[in-house]
Amino acid sequence: MTATSFKELMGQLKEDTTVQVAAADKKQLADHYNFTEGWYDALLNTDKAIRSNTQGPKVDLDPAEKRQIVEIGVYEGASSCFWSDFYLDHEESSLISIDPFTGSEEHHANPENYAGLGRLERTARENIAKSKNCGKVEIIKGYSQHVFSDLDARFALEPWIDVLYIDGAHDSVSVARDCVLYIPMVKPGGLVFFDDYAHPDVKRAIDGALNSFAKFEFAIFTGWQLVGKVASVANKHA
Ligand SMILES: C[S@@+](CC[C@H](N)C(=O)[O-])C[C@H]1O[C@@H](n2cnc3c(N)ncnc32)[C@H](O)[C@@H]1O
């Protein structure tokens, strides 16, 4: 497959997604938040796809349940707002959102394609502040590989993440590193959402990591993202 930029490739592949987000939902989001990219769609699309999936395995994601979510890659906060709006209602639920707010290599390669790049942190904080459960969102400014040891120390030895969303830098090395470090912290029965799985670099890294650091009960491809349910994780970094 040839494409001149990551963004173009993403646009092509998104036409194949299994469920389309309703125009009214999109408008509601556009009116409420300030996003220069339509990335809230990817999670809305996946959410609809896993809920309407009548064949094969079921993803049990009860909005009211207590959960600890960790997301790698915030950008302008679209995915953070998705989690906050739909999956943090339990009073003890929380979201940790990690990003250095620098943008990734693919953004810097074509900065003219990414209008919001110069003010990511401010936009993200403003958007998240407008989301439903904003008080349960902790923003950690930093690279996932740098903040990992603090999180590991803070949350002790047992796996502690219920939902992990991997959407940081999209080169194979970065994706593989996020999988290696963070998947072992997901509880058995927890879910891992891999964004951009349809992108070949991302897919290569995830495919390699999937069988190395956890056993997955199943994985569902939703057209752009992959959602896997963890059966067990490899022993923690001893
Ligand atoms: C595709 S964007 C995230 C989009 C966001 N999840 C959404 O749905 O709108 C990727 C983000 O990852 C961030 N990033 C790059 N390297 C990272 C790393 N090592 N750790 C955490 N975030 C990283 C970039 O700054 C960028 O904001």
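Me: In which loop does Asp196 lie?

Reply: The model is a predicted one, and in it Asp196 lies in the loop between E5 and H9. The phi of Asp196 is positive, about 60°, although Asp196 is not a glycine.

Me: Why is Asp196 called buried?

Reply: A residue counts as buried if 20 or more other C-beta atoms lie within 10 Å of its own. Asp196 has 24 other C-beta atoms within 10 Å, so it is buried.

Me: What makes Phe101 partly exposed?

Reply: Partly exposed is the class between buried, at 20 or more C-beta neighbours, and exposed, at 12 or fewer. Phe101 has 18 other C-beta atoms within 10 Å and is therefore partly exposed. Phe101 is found in the loop between E2 and helix H5 (105-109), and its phi, near 60°, is a positive value in a residue other than glycine.

Me: Why does Asp201 count as partly exposed, and which residues does Asp201 touch?

Reply: Asp201 has 17 C-beta neighbours inside 10 Å, so it counts as partly exposed. Asp201 lies in helix H9 and, not counting residues up to four places away in sequence, touches His170, Asp171 and Ser172.

Me: How do you know that the reach of H9 is close to the span expected?

Reply: Helix H9 (residues 200-213) has 14 residues, and the distance from its first C-alpha to its last is 20 Å, which is close to the 20 Å expected at 1.5 Å a residue.

Me: Why are the buried residues of H9 said to line one face of the helix?

Reply: The buried residues in H9 are Val202, Ala205, Ile206 and Ala209. Seen down the axis of H9, the buried residues fall within an arc of 95°, so they line one face. An α-helix has 3.6 residues a turn, so residues three or four places apart point the same way. On the other side of H9, Asp207 and Asn211 are exposed, whereas the buried residues of H9 pack against helix H8 (172-182), strand E5 (186-194) and strand E7 (226-233).

Me: What makes H4 mostly covered, and what do its buried residues pack against?

Reply: Eight of the nine residues of H4 are buried, and on that count H4 is mostly covered. Among the buried residues are Phe82, Trp83 and Asp85. The buried residues of H4 pack against several elements, including H3, strand E1 (68-72), E2 and helix H6 (120-129).

Me: Which residues touch the most other members of the largest nonpolar core?

Reply: Of the 50 residues in this core, they are Leu164, Ile166, Cys179, Ile183, Val186, Val192 and Ile206. The largest share of the core, six residues, comes from helix H3 (residues 40-51). Leaving aside neighbours within four places in sequence, the contacts of Val186 include Leu164, Val192 and Val230.

Me: Which residues come nearest to the ligand, and how many in its shell are nonpolar, polar or charged?

Reply: Of the 23 residues around the ligand, Trp39, Gly73, Ala78, Ser79 and Ser144 come nearest. Helix H4 (78-86), strand E2 (94-99) and helix H7 (144-154) are the elements that give two or more residues to this shell. By class, the shell has eleven nonpolar, nine polar and three charged residues.

Methods:
Residues are numbered from 1 along each chain as its sequence is written. This is a predicted model: local features need pLDDT of at least 70, side-chain atom pairs count only at pLDDT 80 or more; totals for chains, interfaces and linings use all residues. Helices (H or I, at least four residues) and strands (E, at least two) are DSSP runs, numbered from the N terminus. The expected span of a helix is 1.5 Å times one less than its number of residues. The arc is that of the directions from the helix axis to the C-beta atoms. Two residues are in contact if their C-beta atoms, placed from the backbone, lie within 7 Å. A nonpolar core is a set of buried Ala, Val, Leu, Ile, Met, Phe, Trp, Tyr and Cys residues joined through C-beta atoms within 7 Å. A residue is near a molecule or strand if its C-beta atom, placed from the backbone, lies within 6 Å of it. Ala, Val, Leu, Ile, Met, Phe, Trp, Tyr, Cys and Pro count as nonpolar, Asp, Glu, Lys and Arg as charged, and the others, Gly among them, as polar.
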